[in-house]
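Please read the following points with the model open beside you.

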Amino acid sequence: MLARNFVSSLISTRSFSSTAQNSAKVAVLGASGGIGQPLSLLLKHNSMIDHLSLYDLAHTPGVAADLSHINSKAKVSGHAGPDQLGDALKGSHVVVIPAGVPRKPGMTRDDLFNTNASVVRDLITACAKNCPDAMLAIISNPVNSTVPIAAEVLKKAGCYDPKRVFGVTTLDVVRANTFIAEAKGLDPAAVNVPVIGGHAGITIIPLLSRVTPSVTFDEKTIDSLTKRIQDAGTEVVKAKAGTGSATLSMAFAGARFTVSLLEAMHGKQNVIECAYVKSDVTDASHFSTPIHLGKNGVEKNLGLGKLSKYEEDAVKAAIAELKASIKKGEEFISKN
């Protein structure tokens, strides 16, 4: 997997054709929240987007008005409340979903389930009705459960395409890149660490044996770095002391994934990102691995690849937790 400078990608200076096939409508659901606002700001800069459609329960027209003053290509529209959700979604090529409640001190991602499960169910139901062919990038936690929720909703609506539904785990990659770069004195933008599994606790498995450029660590350092990457979200929640969770870094990671997806949809070759998708590479029905993105979403699942003994053991330990989270999401839909 090749590393690349995603700052320059987010604020794109490349020239793309302005024809319809090389421009896109991107909808952000939860656009006035802590993740949604900086995510929308980053996406407003990208030249592949000609319409940035912002939706939230409230305050979205103000966010849209603010962003619309930025002198970049994308037209911005703001939509507030359930009555305007359909208009926000119609014609969307990509839907990014950071909606939901954030974590607070002492909360796990799973503690968010009861609230965010309903939010994701309702938003995906609207996507199925208004933009059934759109790419769906789900940020709302717990991702290990909300992606299976989305899959079940889409199945019931008769429009489920597993190649087009992604759990955004890019923040784990971004963190791993940063922490490994700090440990080795490297440029973080030049480091790439594949992260597989899921997006919570021990299901987050950074492949420190496959870092680009190649680096080595002793076993104790591998364990400490792995645990820091797994617990990085809690690190931010504690540092913010009740005022929020990882909003800015998640916005950056969400924008990075969205831009990669758009690039692949517009024909760029060899676009690879890790994402939590429908999968048969392990016993868990959803699993994050490096994904080759293409015009129709998942072009190829690149699988686990070669793992170290430490990483093999980590995968085995994660499977039971992933299966339980997936089952919880699926059962939520069957009961609701």
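**Notes on helix packing and aromatic pairs**

1. Helix α2 (residues 36-44) packs with helix α3 (residues 60-68) at an angle of about 30 degrees, and their axes are 11 Å apart. The two helices are therefore roughly parallel to each other, a label given to angles under 35 degrees. Helices here are DSSP runs (H or I, at least four residues), numbered from the N terminus.

2. This is a predicted model, in which local features need pLDDT of at least 70 and side-chain atom pairs count only at pLDDT 80 or more, whereas totals for chains, interfaces and linings use all residues. Residues are numbered from 1 along each chain as its sequence is written, and side-chain values use heavy atoms, with hydrogens and water left out.

3. Where α2 meets α3, Gln37, Ser40, Leu41 and Lys44 of α2 are in contact with Val63, Leu67 and Ser68 of α3 (contact means heavy atoms within 4.5 Å). By class, this contact has three nonpolar, three polar and one charged residues.

4. Searching the whole structure gives two aromatic pairs, that is, rings of Phe, Tyr or Trp (its six-membered ring) with centres within 6.5 Å. For Phe113 and Phe332 the ring centres are 5.7 Å apart and the planes stand at 85 degrees, so this pair is edge-to-face (planes over 60 degrees apart).

5. Because Phe113 lies in helix α5 (residues 113-130) and Phe332 in helix α11 (residues 309-335), the pair ties together parts that are 219 residues apart in sequence. Phe113 counts as buried at 4% relative accessibility, and Phe332 is buried with a relative accessible area of 13%, where buried means under 20% (1.4 Å probe, protein chains only).

Conventions. Axes fitted to C-alpha atoms, helices over the stretch in contact; angles between N-to-C directions. Parallel < 35°, antiparallel > 145°, perpendicular 65-115°, else oblique. Nonpolar A, V, L, I, M, F, W, Y, C, P; charged D, E, K, R; others polar. Phe/Tyr/Trp six-rings, centres within 6.5 Å; stacked < 30°, edge-to-face > 60°. Buried < 20%, exposed > 50% of the residue type's maximum accessible area, 1.4 Å probe, protein only.
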